[in-house]
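Me: I'm new to reading protein models. Can we go through this one together, feature by feature?

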Amino acid sequence: MPILNRIADFAPEMAEWRRHLHRNPEIGFDCHATAAFVAERLRQFGVDEVHEGIAQTGIVAIVEGRSSGPTIGLRADMDALPMQEETGLAHASRVNGRMHACGHDGHTAMLLGAARYLAETRKFAGRAALIFQPAEESGGGAGVMVDEGVLDRFDIAQVYALHNAPGMAEGTFATSPGPLMAAVDTFEIDVVGRGGHGAMPHETVDPIMPAVAIVQAIQTILSRNHRNDQDLVISVTQIHSGSADNIVPDRAWICGTVRTFSEDVQRMVMSRIEEIVAGQAAAFGATAKLDYQVGYPATYNDPGRTRFAAEVAREVAGDERVDDESGREMGAEDFSYMLRARPGAYLFLGQGDGAGLHNPRYEFNDAVAPVGATFFARLVERALPMSSGR
Ligand SMILES: [Zn+2]
Ligand SMILES: [Zn+2]
């Protein structure tokens, strides 16, 4: 079965909702206008309950099926990015320095589409919990919603989410059982020496030397302390020091990102960076302080739920248009907090050609919104089938 007819009927409206959100991007937890727009639509659709103000601007809406049964959670993220849009489109961002460059406007529109269909038809036995979250890009809004108890409060048994994927053929799906996306940590290192005249370095403690030694030594964690380079990335992404050609500075500042799939590897990297920072700084007579921040955990797809979600995707997109062994990638996603608390699956939905995510020319492809909405709707209907003798 391709796109549900009823969803195809209102696809132009989904594109309008998406473009409205695109024009009015909001960042982090500050998704007040977005949440108000979503809540207003949900009430128009006649969903049974709309709970606002979860994780500040998150929403959980409940649609009851025709009889009782478990609750399936479907999640969309609502936040945009702090960057300047360069698409030149009529519906481009009206806010300077903010842009929906990750397609969360599309995710929100697709889940609204599913909500409308589910509220109109209710061909399932149980409940659908539609989760609209703020702060995916930073702040871990999904983790905050879990900490605030949404999964228990609404008795959510399983959770599912989609992310659009530019560069993947339009309307195709990709996912993988088990680890799908990496855990993301960040580190900052403040190296402290004693500055002075650039012509008299012997009278200074130059912080640049230990900083460079630290950056180089950090790269040996991957080549000398770790077994398999398929599941670890360590990138030093910033190094700042100094202000003039004839001054030895007082300090140097380094930061970077660590991507892992297992907590053992994560612990190993953490302690090796700590040892390297202390040892290299001491070797040059400087001191250094490490601030290692553990971020989003790895995104883990429950194998059984992933098989089921891939079956639903095949029904919607066609057999040959679903890759259910696409493998892991080093990106990160805060839906991992929900998948850590409940079994479920995360899938990618192909956007076709176009600029990549977080690019100033990125644009969500409205043509795939009905595919995503149909996927969500059929997932609920198939996970919660009505008894045959009704
Ligand atoms: Zn993003
Ligand atoms: Zn995103």
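Me: What span does helix 11 reach from its first C-alpha to its last?

Reply: Helices here are DSSP runs of H or I with at least four residues, and strands are E runs of at least two, numbered from the N terminus. The expected span is 1.5 Å times one less than the number of residues. Helix 11, residues 369-383, has 15 residues and reaches 21 Å, close to the 21 Å expected. One caution: this is a predicted model, where local features need pLDDT of at least 70 and side-chain atom pairs count only at pLDDT 80 or more, while totals for chains, interfaces and linings use all residues. Residues are numbered from 1 along each chain, chains are lettered from A and ligands numbered from 1 in the order written, and side-chain values use heavy atoms, leaving out hydrogens and water.

Me: What comes just after helix 4?

Reply: Arg122, which takes a positive phi of about 50°.

Me: And where does His100 lie, and is it buried or exposed?

Reply: His100 sits in the loop between strand 3 (67-77) and helix 4. His100 is buried, at a relative accessible area of 1%. Contact means heavy atoms within 4.5 Å, and His100 touches residues including Leu21, His22 and Tyr362.

Technical notes
Buried < 20%, exposed > 50% of the residue type's maximum accessible area, 1.4 Å probe, protein only. Lists of a residue's contacts leave out its neighbours within four places in sequence.
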